[in-house]
Amino acid sequence: MNKPLRAVAIFCGLLVLGLLIRANWLQYVRAPELASDTKNRRVQIEQFATPRGDIIVGGRAVTGSKETETTDLKYKRTYADGPMYAPVTGYASQAQGMTLLEKTYDGILTGKDDRLAFQRFADVVSGEGRRAGSVVTTIDPKAQKAAWDGLTDLKGARGAVVALDPQTGKVLAMVSAPSYDPSTFAGSTFKESDRFVALDKKKNKPLANRALRETYPPGSTFKILTAAAALEHGIVSDVDARTDAVSPYPLPQSTNKIGSEAGDAVCNKASMKTAMQHSCNNVFLDAASKLGQDKMRETAEKFGFNEDVYSDDFGDLLATKSLYPQDLDKPGTALTGMGQGSLTSTPMQMALVTAGIANDGKVMQPYVVDEVKGPDLDTLEKTEPAVMSEAVSAETAQKVQEMMEFTAKEGSARRAQIDGITVGGKTGTAQRGVNVNDEVPYGWFVSYGKKDDGSSVAVAVFIDPTDMDISREDISGGGLGAPIAKSVMKAVLKS
């Protein structure tokens, strides 16, 4: 073979080799990536070729599937009580993708999870077609409805409610308002896409999950954690003993003095129990100042601050971190004692703090999925309760319980009282903005309820009254949040 022909042959051989390498690279190396690419139309067609499995609440499916008529995506998702359960289910949309449980458990709900491989083979052999599994949640439908009704009855309120079983970590209710109906944009039509865009542009953010994904200053509800830190580190030993915290309280390194709504006569040098009862700021400012930022942060982190509330195993259910800041100065540290300053928390986090106190200092890992089942209802996965941390000693937690229960009987949390149930509570009004008078404050309420048989529930209620027709003087955690918490506790413990 002459030299030019040999060069052409070698060049053609290299081209063929390059094609073979590229084909094998795509087929074996990048195949999983391409197969899961959301822009791959064939992936979408397969994903929506069969009915999705169900998400179960209280033994009832709150999701479904219906056949479409206009696209090659054969089935689209439907939702029962969509707005109420959206913060739990998320959405599965042909055009907008997936969130929360729909996204995290997509493999189970489409029947494509590796654990269903044998089932898929059996279904092909039998000619049944691909069948999906189901996800059984921990949500208590009565508690969820009580939380939803309570929030939506406050016309114009933005807010969230989280209820936990303190002993197991089960999420019994998780509500966010305003909300949205995932059914309205589950398909891929232009009209459904326009609905999603309109929701996304709304000023009141109905697509936001305020229970998990939004953080706010927790206000005076954080005082239960400050009290726990003070007791645990020996700053306070007797909750009935008078303190040396004067009112109004001079903020360290500042000319500012901070008062309390209950008045100086009640709060001046009050005991911690009295300070909890009347939500006196001075005692908790003083406790945080004496503890210092390191001990305050240490206790906050044991309750879950600065940590992922859900581990990575929970996929799209991962909550936004609640933050106890680093490198605080002395006035900043003091302000965290009353839940202000640069401290931020999700409603889920404050529910965890309350649940940990109610559970004698033991904080349980929260979880919203009880079981994952196959198409034939066989259990593929069962969540077992797990301890997240031993935040404080049982003795410390019980002293905080004593103060919270006194506050529910004789103090600012009286509106949460339930006959026959031991209730502990704490109100909170959180200021926001550089000038606290520029914007209306947030309302918070945290509480727990216990029965003699040992069953219990912890609740956190958050309310943003920006869009409510309400005077500034009427905004309080006790007035707005306590009735909601009471109805949720009754739904769990009185049903």
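This is a predicted model: local features need pLDDT of at least 70, side-chain atom pairs count only at pLDDT 80 or more; totals for chains, interfaces and linings use all residues.

Visitor: What makes the contact between aspartate 240 and lysine 273 a salt bridge?

Guide: The closest N and O atoms of aspartate 240 and lysine 273 are 3.7 Å apart, and a salt bridge requires a side-chain nitrogen of Lys or Arg within 4 Å of a carboxyl oxygen of Asp or Glu, so the pair qualifies. The pair links distant parts of the chain, with aspartate 240 in the loop between α10 (223–232) and β10 (249–250) and lysine 273 in helix α12 (residues 272–278), 33 residues apart. Aspartate 240, with a relative accessible area of 46%, is partly exposed.

Visitor: How do you know that lysine 290 and aspartate 244 meet in a salt bridge?

Guide: For lysine 290 and aspartate 244 the N to O value is 2.8 Å, and since the criterion asks for a nitrogen within 4 Å of a carboxyl oxygen, this pair is counted as a salt bridge. Here too distant parts of the chain are linked, for lysine 290 belongs to helix α13 (residues 281–302) and aspartate 244 to the loop between α10 and β10, 46 residues apart. Lysine 290 has a relative accessibility of 43% and counts as partly exposed, because that class covers values between the 20% and 50% limits.

Visitor: Which classes do arginine 158 and aspartate 467 fall into, and what is the N to O distance in their salt bridge?

Guide: The side chains of arginine 158 and aspartate 467 meet at 2.9 Å, N to O. This pair joins distant parts of the chain, arginine 158 being in strand β8 (residues 158–164) and aspartate 467 in the loop between β18 (456–464) and α17 (477–493), 309 residues apart. Arginine 158 has a relative accessible area of 10% and is buried, whereas aspartate 467, with 38%, is partly exposed. The structure holds 20 salt bridges, and Arg52, Arg77, Glu102 and Asp106 are linked in a network of them.

Visitor: Why is helix α4 described as largely enclosed by the rest of the structure?

Guide: Seven of the eight residues of α4 (residues 82–89) are buried, so the helix is largely enclosed by the rest of the structure. The buried residues are Gly82, Met84, Tyr85, Ala86, Pro87, Val88 and Thr89. Glycine 90, which follows α4, has a positive phi, near 70 degrees.

Visitor: What makes β2 and β14 edge strands?

Guide: The open sheet consists of five strands in the order β2-β1-β7-β13-β14, with mixed pairing. Both β2 (60–61) and β14 (379–382) have a single partner strand, so one side of each is left without a neighbour in the sheet. The pairing of β1 (residues 55–57) with β2 is antiparallel and runs over two bridges, and because at least two bridges are required for strands to pair, this contact meets the criterion. Isoleucine 56 stands opposite alanine 61 in β2.

Visitor: Which residues of the largest nonpolar core touch the most other members?

Guide: Among its 115 residues, Met272, Phe303, Phe305, Val400, Val459 and Ile463 touch the most other members. The largest share of this core, nine residues, comes from α17. Not counting residues up to four places away in sequence, valine 459 touches Val161, Val162, Ala163, Phe445, Val446, Ser447, Ala485, Val488 and Met489. Apart from this core lies another, of 11 residues, among them Leu73, Ala86, Tyr180 and Leu199.

Terms used: Residues are numbered from 1 along each chain as its sequence is written. Side-chain values use heavy atoms; hydrogens and water are left out. Buried means under 20% relative accessible area, exposed over 50%, partly exposed in between (1.4 Å probe, protein chains only). Helices (H or I, at least four residues) and strands (E, at least two) are DSSP runs, numbered from the N terminus. A nonpolar core is a set of buried Ala, Val, Leu, Ile, Met, Phe, Trp, Tyr and Cys residues joined through side-chain atoms within 4.5 Å. Contact means heavy atoms within 4.5 Å.
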